[in-house]
Amino acid sequence: MSSDIRFTDFKSDKQPTWCPGCGDFGTMNGMMKALAETGNDPDNTFVVAGIGCSGKIGTYMHSYALHGVHGRALPVGTGVKMARPDIEVMVAGGDGDGYSIGAGHFVHAVRRNVDMTYVVMDNRIYGLTKGQASPTSREDFETSTSPEGPKQPPVNPHALALASGATFIAQSFSSDALRHQEIIQEAIEHDGFGFVNVYSPCVTFNDVDTYDYFRDSLVDLKEEEGYDPTDREAAKDVILDNEKEHQGVIYKDESSVPYHEQHGVDEDMSVIPDGAPESATDLVREFY
Amino acid sequence: MAADFNWAVGGEAGDGIDSTGKIFAQALSRAGRHVFTSKDFASRIRGGYTAYKVRTSVDKVQSVVDRLDVLIALTPRTIEENLDELHEGSVIIYDGERTTMQDVEIPEGMIGLDVPLKSLAEDAGGAIMRNVVALGAACEVAEFPIENLDSALEKRFKDKGQKLVDNNKEAARAGRDYVADEYADREFDYDLETTDEDYVLLNGDEAIGMGAIAAGCRFYAGYPITPATDVMTYLTGRIERYGGHVVQAEDELSAINMALGAARGGARAMTATSGPGIDLMTETFGLIATSETPLVICNVMRSGPSTGMPTKQEQGDLNQMLYGGHGEVPRFVLAPTTIDECFWKTVEAFNLAEKYQLPVYLTADLSMAVTEQTFSPDTFDMDEVEIDRGKVVDEATIDDHMSESGGFQPHEITDDGISPRAFPGTADGAHMSTGLEHDEQGRRTEDTEMRVEQVDKRNRKVETAREREDWSPREFGDADADDLVITWGSNEGALAEAVEILDDEGQNVRVLSVPYIFPRPDLSEDVAAAETTVVVECNEQGQFADLVEHDVLERVDRVNKYNGVRYKADELAAEIKSTLEAGVEA
């Protein structure tokens with residue numbers, strides 16, 4: 001890792017096709033800055049992206065990357081990290097990718113506590129398919145597939161994470177560039193699964209969860225006097241408080257033991273001998 | 001004295017049938033006898049009917065037959081289920097003191113040995129050992145020295161303490177002595193001689209797992225499913241010794257994506273499942289192929305469709321593996337034909353996957369997966385294992401594969417279709433892998449020319465493989481025979497023995513057993529030279545026969561079985577004979 005890495009080194013030569021003003025620009029910038037700031041470089045970083053507007057992020061960033069199947073980004077990241085504990089793994093996707101088609105994987109990735117970062121670009125809408133309800137859309141949010149609103153409560157990703165045994169839960173806002181970067185950095189540095197839900201407004205299809213809305217309503221936990229993110233009960237109260245929008249590190253388990261330590265998975269699996277491993281004949285003897 | 005001896009233990013699930021059978025099989029193997037086992041089992045934890053069958057001979061055995069010489073029956077149903085295989089003189093060992101067995105009727109002409117299994121076991125230290133008492137009784141009937149059982153009992157129970165081992169040995173002797181004393185006047189027609197040969201005893205799933213470790217597989221992700229679970233349980237606790245890891249994923253969607261991630265990380269990675277799991281994994285299959293990721297996907301087939309008959313034999317997933325997934329996706333499909341070949345084809349699958357950077361299906365089927373067979377340990381000579389990782393670049397060689405703008409080209413257009421691979425961490429190798437159509441650098445493109453170039457490049461790998469690799473079938477029988485029998489997968493063993501039976505009856509056939517489904521050998525000349533060609537497989541539609549007809553542009557005859565039970569040698573011989581006599585149904 002060289003120390004002169006700049007965040008622009010993480011930029012690819014592809015120009016984003018996101019709508020002008022899309023929250024994903026800010027989300028991505030913060031991720032790139034956080035990666036550079038934590039001493040990573042494109043050649044030791046692996047970004048896994050899902051499908052949707054958010055999924056394009058892998059194309060616009062420069063690193064080892066996989067742009068996968070809808071909803072399966074977390075399992076891919078899990079595999080990369082287990083095979084290559086030496087590589088920094090960052091998984092990014094949208095609210096549909098993470099909380100709808102990939103919701104099952106989310107729960108289990110949280111439980112496994114693999115040492116990687118998961119960034120969900122949450123705009124509470126399906127943008128790329130031109131405006132349908134997402135799992136985080138409000139109950140009364142009118143869309144082309146929910147003319148009177150979805151009439152079901154939105155998924156609470158933080159609650160899902162907490163209930164699944166998360167060791168790091170955070171919320172950021174793509175437009176609050178410094179705080180966003182700071183929170184992503186903390187997630188990267190966390191020993192375990194660093195989960196950050198990012199409010200990343202869709203300027204084309206969501207006229208409710210807008211920049212103005214978040215700017216006006218977000219309460220920064222960093223500025224809340226006495227808020228202790230290591231206090232699980234306090235985190236629970238914040239997470240279940242439907243009246244307020246928060247940003248910041250909501251919960252952090254400082255005694256987190258990441259998967260590779262729990263399971264002793266610490267070898268670079270890309271290195272194997274030219275023939276069968278030494279003592280492989282022992283395997284044959286077991287069948288006597 | 002019969003050349004081979006057929007033995008079974010049967011009862012309800014939960015009766016310890018499996019471990020009892022395994023102990024006997026191991027005792028025979030350790031006594032230098034060849035063994036071939038089979039299981040009748042149901043998808044339930046308790047109750048029902050389950051049996052473990054052992055065929056043994058001093059010569060190689062590679063099939064089951066329609067004959068049972070000695071049966072340990074723990075339930076009346078065990079006898080009913082095996083009436084077709086029992087014959088005059090067959091010995092049935094049972095415990096007449098057991099309530100359900102009190103009124104059991106021993107079929108006419110068979111020998112019933114009423115042995116108080118439970119009481120004798122209790123005397124030896126516990127009722128739980130009643131099956132071992134029965135094993136002792138069987139040893140006496142088969143004139144198989146009980147000392148051979150001891151080493152198998154030690155292997156099975158040594159972790160639980162010497163006392164338990166000794167109790168079991170005593171229980172076995174109690175069974176032996178009871179038969180010797182109470183049925184002293186009985187003459188049994190068996191004499192299981194022992195030899196000095198050393199054998200190992202393993203099933204197809206274990207052979208695949210061992211092959212994976214030998215091949216340098218370091219990462220396995222899977223979701224339990226019959227009959228592939230044994231691959232996972234084999235690897236668990238073993239692959240770690242070689243720096244690897246097994247993950248039980250939340251579902252098959254996750255399992256294959258984890259394996260994909262590990263493979264992108266540069267590890268040799270694998271998942272194993274059965275048809276229903278392949279359905280789910282197919283979602284990711286195109287991504288693996290188009291991102292040119294080397295991955296081994298093992299499909300241990302069982303009877304379908306849907307949940308089908310989950311504990312029964314079938315070879316019905318061939319088309320699924322060949323054609324599954326949207327779009328046109330290059331892939332290889334290997335189908336080892338014997339248990340030892342499960343080991344070698346697994347090694348080959350990993351090499352092919354990495355040399356050609358594509359997904360490789362490695363398919364076995366239920367009969368092979370849960371069947372144990374003896375082999376000489378040299379069959380698995382680890383010094384013979386070769387590893388070929390294909391075109392992997394490092395920091396010194398990566399410069400030859402850069403675009404004009406300085407980006408690494410993981411999908412470089414090459415004459416042989418194979419592009420360079422850079423593992424994460426390789427300086428200047430950072431690149432995107434994607435399910436989108438892409439340019440040489442892996443960047444999304446819808447450029448019409450690049451699209452065609454990339455599709456052609458991916459297909460060129462298959463053509464390169466056709467030229468560079470040996471896709472020959474295995475051949476046996478009479479090379480000059482007029483009639484040709486073709487098969488694939490686990491039918492080879494039964495067919496090999498069927499050929500001997502046919503030979504004895506004056507019917508010569510040539511056999512081609514095909515372990516490569518795609519790419520596969522061109523059998524045009526073989527079929528053209530034959531008077532009649534018969535394709536044998538365990539499915540209804542004749543999926544492999546369709547491929548042969550497609551390749552050779554000629555009709556072939558078909559022998560199909562899809563009742564959930566594997567082919568038996570004698571049954572298959574009769575089936576082939578009648579098909580040949582009937583002529584081709586053109």
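A residue is counted as buried if 20 or more other C-beta atoms lie within 10 Å of its own. By that criterion, buried residues make up 56% of the 288 residues in chain A. The structure is a predicted model, and the values below are computed from it.

**Chain A**

The secondary structure of chain A consists of 11 helices and 8 strands. Its C-alpha atoms occupy a box of roughly 70 × 45 × 40 Å along the principal axes. For a chain of 288 residues, a compact globule would have a radius of gyration near 19 Å; the value for chain A is 20 Å, which agrees. Of the contacts in chain A between residues at least 6 apart in sequence, 71% join residues at least 24 apart.

**The contact between the chains**

In the contact between the two chains, 60 residues of chain B meet 48 residues of chain A. Several elements of chain B each supply at least two residues to the side that touches chain A, among them those in the table.

| Element of chain B | Residues |
|---|---|
| Strand E7 | 200-203 |
| Helix H7 | 204-214 |
| Strand E8 | 217-222 |
| Strand E9 | 245-248 |
| Helix H10 | 275-290 |
| Strand E15 | 432-434 |

Helix H9 of chain B also belongs to this group, and H9(B) gives the most to the side of chain B that touches chain A, with 9 residues. By class, the residues on that side of chain B divide into 29 nonpolar, 19 polar and 12 charged.

**Helix H9 of chain B**

H9(B) covers residues 252-264. Just after H9(B), B:Gly266 adopts a positive phi of about 105°.

**A helix pair in chain B**

Two packed helices are described by the angle between their axes and the distance between the axes. In chain B, helix H15 (residues 492-504) and helix H18 (residues 569-582) pack at an angle of about 65°, with their axes 8 Å apart. The crossing of H15(B) past H18(B) is right-handed. On the H15(B) side, the residues in contact are B:Ala494, B:Leu495, B:Glu497, B:Ala498, B:Ile501 and B:Leu502. On the H18(B) side, they are B:Ala569, B:Asp570, B:Leu572, B:Ala573, B:Ile576 and B:Lys577. The contact of H15(B) with H18(B) comprises 9 nonpolar, no polar and 3 charged residues.

Notes. Residues are numbered from 1 along each chain as its sequence is written. Chains are lettered from A and ligands numbered from 1 in the order in which they are written. This is a predicted model: local features need pLDDT of at least 70, side-chain atom pairs count only at pLDDT 80 or more; totals for chains, interfaces and linings use all residues. Helices (H or I, at least four residues) and strands (E, at least two) are DSSP runs, numbered from the N terminus. The radius of gyration is taken over C-alpha atoms; the globule rule is 2.2 Å times the number of residues to the power 0.38. A residue is buried if 20 or more other C-beta atoms lie within 10 Å of its own, exposed if 12 or fewer, and partly exposed in between; C-beta atoms are placed from the backbone. Two residues are in contact if their C-beta atoms, placed from the backbone, lie within 7 Å. The expected span of a helix is 1.5 Å times one less than its number of residues. Axes are lines fitted to C-alpha atoms, for helices over the stretch in contact, and angles run from 0 to 180 degrees between N-to-C directions. A crossing is left-handed if the near helix is turned anticlockwise from the far one by less than a right angle, and right-handed if clockwise. Ala, Val, Leu, Ile, Met, Phe, Trp, Tyr, Cys and Pro count as nonpolar, Asp, Glu, Lys and Arg as charged, and the others, Gly among them, as polar.
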